[in-house]
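My notes follow in the order I looked things up.

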Amino acid sequence: MLGPPYCKACAQPQASSALLGADGLCAACERRHPAWDQGRAAFVYDAAARDMILRLKYADQIDYAAFLAKHMVRAGQDVLVPGALVVPVPVHRWRLLSRRYNQAALLSRHIARMQGSEHGPDVLERLRATVRLARFSRGARRQEMQGVMRVRARWRGVLRGRTVVLVDDMLTTGATATACVQALREAGAQKIHLLVAGVVPERPGLDIDLQEMH
Ligand SMILES: [Zn+2]
């Protein structure tokens, strides 16, 4: 379970609150703020969370979605403001075929229901499948994600001035979420917060195979 101190933008846990600036940002986010406004994570993506999220992702254990969503609602309490629209990061329809459901949409549906928020499962559309991003450079990831996400036409007028809570299961490089945020901003969303089940700690040599994840 992820408790304070954590960075309000990248959601990374910090060894001490002394590492956070007055605005609650870590040094990296003060230098380069993520595309989204605030970021929250329910868990650090350690071995236990990994097991849980992988089960959600690749097995049919949909109960895990309810469990994770409950903790995400708690972690995201201050960004799940009244009137917020809850939107999942979309997967490409080819992935949907092989995996049968979008795990981010499962989470966002539970979160919206628990919170009494409006759910927009089809606000964003992924226009093409992308390659695995974790081992790419920042520039290469950005290029790969360019123009991948689009707001569906019927949502374009609806987003103006809204607060959107973008939901995903994992925050790794942030490239996918950034592409979503850009599309949402272009459609007029005012505040965009990111709420994830697990954030991968920024530690070199971490014993997690990121290639497995995206
Ligand atoms: Zn940060």
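**Entry 1: disulfides.** I began with a search of the whole structure for disulfides, and the count came back as 0. A disulfide is a covalent bond between the sulfur atoms of two cysteines. I kept in mind that I am reading a predicted model.

**Entry 2: the zinc ion.** Next I asked which residues are the protein donors of the zinc ion. I found Cys7, Cys10, Cys26 and Cys29, each through its SG atom. They lie 2.3 Å from the zinc ion. I then looked at the angles that the 4 donor atoms subtend around the zinc ion, and they run from 106 to 113 degrees. The arrangement is therefore tetrahedral. For that label, all angles between four donors must lie between 85 and 135 degrees.

I wrote down the spacing of the donor residues in sequence as C-x2-C-x15-C-x2-C. Cys10 and Cys26 form a pair that links distant parts of the chain, 16 residues apart. I placed both of them in the segment before helix H1, which covers 27-31.

**Entry 3: cover at the zinc site.** Are these cysteines buried or exposed? I checked Cys10 and Cys26, and both are buried. For Cys26 the relative accessible area is 8%, so this residue counts as buried. Cys7 has 0% relative accessibility and therefore counts as buried. The cut-off I used for buried is under 20%.

**Entry 4: the whole chain.** I stepped back and counted 7 helices and 7 strands. Along the sequence I read the pattern α-β-α-α-β-α-α-β-β-α-β-β-α-β. The chain has 214 residues, and 50% of them are buried.

Entry 5: In what order do the strands of the open sheet lie? I traced 5 strands as S1-S7-S6-S2-S3, with parallel pairing. S1 and S3 (118-119) are the edge strands, and each pairs on one side only. Strands of a sheet pair through backbone hydrogen bonds, either parallel or antiparallel.

**Entry 6: strand S7.** I followed S7, residues 191-199, and found 8 of its 9 residues buried. S1 (residues 39-44) runs parallel to S7, and 5 bridges join the two. On that side I noted Arg40 opposite Leu195 in S7. S6 (residues 163-171) also pairs with S7 in the parallel sense, over 8 bridges. There, Asp168 has Val196 of S7 as its bridge partner.

Together with helix H7 (residues 175-186), they make a right-handed β-α-β unit.

**Entry 7: strand S2.** I moved on to S2, residues 85-88, which is joined to S6 by 4 bridges and runs parallel to it. Leu85 stands opposite Val164 in S6.

**Entry 8: one histidine.** Last, I looked up His110 and found it in helix H5, residues 103-115. Its relative accessibility is 17%, so I logged His110 as buried. Which residues does His110 touch, leaving out those up to four places away in sequence? I listed three alanines: Ala65, Ala66 and Ala69.

Key
Residues numbered from 1 in each chain as written. Predicted model: local features only at pLDDT ≥ 70, side-chain atom pairs only at ≥ 80, totals over all residues. Heavy atoms only, no water. Donors = N, O, S within 2.8 Å, 3.2 Å for Na, K, Ca; no water. Tetrahedral: all angles 85-135°; square planar, octahedral: opposite > 155°, others 65-115°. Buried < 20%, exposed > 50% of the residue type's maximum accessible area, 1.4 Å probe, protein only. Contact = heavy atoms within 4.5 Å. Disulfide = S-S within 2.5 Å. Pairing = 2+ DSSP bridges. Right-handed = clockwise from strand over helix to strand, strands pointing away.
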